[in-house]
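Visitor: I have a few quick questions about this model. Can we go through them one at a time?

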Amino acid sequence: MVRRWRWTALCALLALAVSCSGDDPSAEGPRRIPGLSGRILAIGFSGGENVQVYDLDTGKTAELSMPANVEVTEAFWGPDGDTAYALASRFSSLGTPTALIQARLYEARPGADARPVGRALDDTDGSAFSVAGSRVLAAECNAVDRRLLLLDLEGARRWDEVAPGCVGALSPDGSTVLLARGRRLMEEPLDGGDTEPVADLRT
């Protein structure tokens, strides 16, 4: 999962390295970063509506197409390591005076249009977003609905409620959800079993 501040700092360092070189980077082509390899995802700076793939081996970048008028809040690689996914949100009034944040998960590859995965989520800003393997956790949280939802990228690809609440995170292996219930942290197995207390937040 890509956090905006991490890649903001990284891109700032990349920009500083280029500007301090005194050379025109366009004249030399892509630049490699010594000692680093692989690919990273970075959320675009122009309103957050695009996702960039930066290849550390070649120094080349590719932009992943996102729908118009959305803000990308999260981006991460899928289980295959080649497909990127992004959580993008937009405001919608739905014909009422009250604005609603709607978010949707998209599957994206260079040179292709992004494809939606699962239904749109209401009142989802990414604050409870968590990824572990093929499992993705998000929350719908407003005055009426307060629920944690799970989607399996290698399964049915639909959002299913796994627990009530607005705050939660997946364990590293994706087998359990750590969630807040009152003033206690609880651990809920996703494949069956009882919810167990983990910690008391008052101590």
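Visitor: Which residue in β10 is the bridge partner of Leu137?
Guide: Leu150 is the bridge partner of Leu137 in β10. Strands here are DSSP runs (E, at least two residues), and helices are runs of H or I with at least four residues, numbered from the N terminus. This is a predicted model: local features need pLDDT of at least 70, side-chain atom pairs count only at pLDDT 80 or more, and totals for chains, interfaces and linings use all residues. Residues are numbered from 1 along each chain as its sequence is written, and side-chain values use heavy atoms, leaving out hydrogens and water.

Visitor: How many bridges join β9 to β10?
Guide: Seven. Strand β9 covers residues 135–141 and runs antiparallel to β10. Two strands pair if DSSP finds at least two bridges between them.

Visitor: What sheet do they belong to, and in what order do the strands come?
Guide: An open sheet of four strands, ordered β8-β9-β10-β11, with antiparallel pairing. The edge strands are β8 (130–132) and β11, and each pairs on one side only. From one strand to the next, the twist averages 25 degrees. Axes for such angles are lines fitted to C-alpha atoms (for helices, over the stretch in contact), and angles run from 0 to 180 degrees between N-to-C directions.

Visitor: Switching topic. How many disulfides does the structure hold?
Guide: One. Cys141 is joined to Cys166, with S to S at 1.7 Å. The cut-off for a disulfide is a pair of cysteine sulfur atoms within 2.5 Å.

Visitor: Is Cys166 buried or exposed?
Guide: Cys166 is buried, at 15% relative accessibility. Cys141 counts as partly exposed, at 28%. Buried means under 20% relative accessible area, exposed means over 50%, and partly exposed is in between (1.4 Å probe, protein chains only).

Visitor: Now salt bridges. What is the count?
Guide: Nine. The rule asks for a side-chain nitrogen of Lys or Arg within 4 Å of a carboxyl oxygen of Asp or Glu.

Visitor: Which residues are linked in a network?
Guide: Arg119, Glu140, Asp145 and Arg147. Arg119 meets Glu140 at 3.0 Å, N to O. That pair links distant parts of the chain, with Arg119 in strand β7 (residues 115–122) and Glu140 in strand β9, 21 residues apart. Arg147 meets Glu140 at 2.9 Å.

Visitor: Is Glu140 buried or exposed?
Guide: Glu140 is buried, at 2% relative accessibility. Arg119 is partly exposed at 36%, and Arg147 is partly exposed at 24%.

Visitor: What about Glu107, which residue does its side chain meet?
Guide: Arg115, in a salt bridge of 2.5 Å, N to O. Glu107 is buried at 11%, whereas Arg115 is exposed at 51%.

Visitor: Next, Val51. Where is it?
Guide: Val51 is in strand β2 (residues 51–55). Val51 is buried, with a relative accessible area of 1%. Beyond its neighbours within four places in sequence, its contacts include Leu41, Ala62, Leu64 and Val72. Contact means heavy atoms within 4.5 Å. The C-alpha atoms of Val51 and Leu64 are separated by 5.3 Å, though the residues are 13 apart along the chain.

Visitor: Last one. What is the phi of Asn69?
Guide: Positive, about 60 degrees, although Asn69 is not a glycine. Asn69 is in the loop between β3 (61–64) and β4 (71–77).
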